[in-house]
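Biologist: Could you walk me through this model? I would like to talk about its charged pairs and its ligand.

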Amino acid sequence: MPDDPDFGEMLDAAVKAAGDALDVPITIADPEQDDTPLVYVNPAFEKLTLYKASEVIGRNCRFLQGDETDRTVTDELADTCRNKKADTYCLVNYRKDGAAFFNLVAIQPISITRAHKMLMGCQFAFTPTQTAGTLARTCAMIDRAQRQVRHGARTEATQINTHDTFRLDTVAMRFEAAFVRINDQLLKSANGRMLNELALGREHMRYPRDLINAAPGELAETR
Ligand SMILES: Cc1cc2nc3c(=O)[nH]c(=O)nc-3n(C[C@H](O)[C@H](O)[C@H](O)COP(=O)(O)O)c2cc1C
């Protein structure tokens, strides 16, 4: 459950504050829970989709999809999520008011604890400068282009529009920055937690009584 106290511990306030401060829409979902529900969305995501966090936490992010969403792309996306991999896709999504938009979605696993991985998503509402045919067809084209950009080949990508491929690269950089920011925060929080545990551990350590009661300088070093 997202409001489970254990969850609060796993994705602490500092990580949420870092996400809240980002202007890139971000989402975090928990693949350890049934149907990978969203456990966090930031204000930029609320602004993009018009959904409030309280309406979407606990739901799988597929509620953004609709009639024109390409199912071959969502199948691949499902595979990425199931295997906790990283990848980027272009999908037709719908805002709460029903308006369709191209959504460039990057998924990346993040480590909440050593044992628990969650999935972080970055969204980018994309308006191609050159539209061709239906939303779904254009989206499939951009999806392929995005893969080519990632793999260094640009033939089809250049056919779409150099302006668009340039934007794809810029967006990829913004995504990367968001992932780095959240990962940094997770690391800091994990270190903080570890230090806390160490400090607590020390408090609860049992020292021999004579060691505790000994006056300074009274204890001889054992050799
Ligand atoms: C962190 C995260 C963010 C996601 N963001 C989106 C999104 O913005 N738009 C979308 O259509 N799907 C998004 N998805 C994908 C869907 O939640 C789901 O995984 C996809 O539809 C494939 O699964 P399905 O075939 O069971 O629906 C996201 C998934 C994860 C884990």
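Biologist: How many salt bridges does a search of the whole structure find?

Modeller: A salt bridge here is a side-chain nitrogen of Lys or Arg within 4 Å of a carboxyl oxygen of Asp or Glu. Searching the whole structure on that basis gives 6.

Biologist: Happy to hear it! What should I know about the source?

Modeller: The model is predicted, with local features needing pLDDT of at least 70 and side-chain atom pairs pLDDT 80 or more, while totals for chains, interfaces and linings use all residues. Residues are numbered from 1 along each chain as its sequence is written, and side-chain values use heavy atoms, without hydrogens and water.

Biologist: Which side chain meets K84 in a salt bridge, and how far apart in sequence are the parts that the pair ties together?

Modeller: The side chains of K84 and E32 meet at 2.9 Å, N to O.

Biologist: Nice. Which side chain has an N or O atom 3.0 Å from an oxygen atom of the ligand?

Modeller: Polar contacts are pairs of N or O atoms within 3.5 Å. For N103, a side-chain N or O atom is 3.2 Å from a ligand oxygen. The 3.0 Å distance belongs to the side chain of Q123.

Terms used. Polar contact = N/O pair within 3.5 Å; in protein donor to acceptor, adjacent residues only side chain to side chain.
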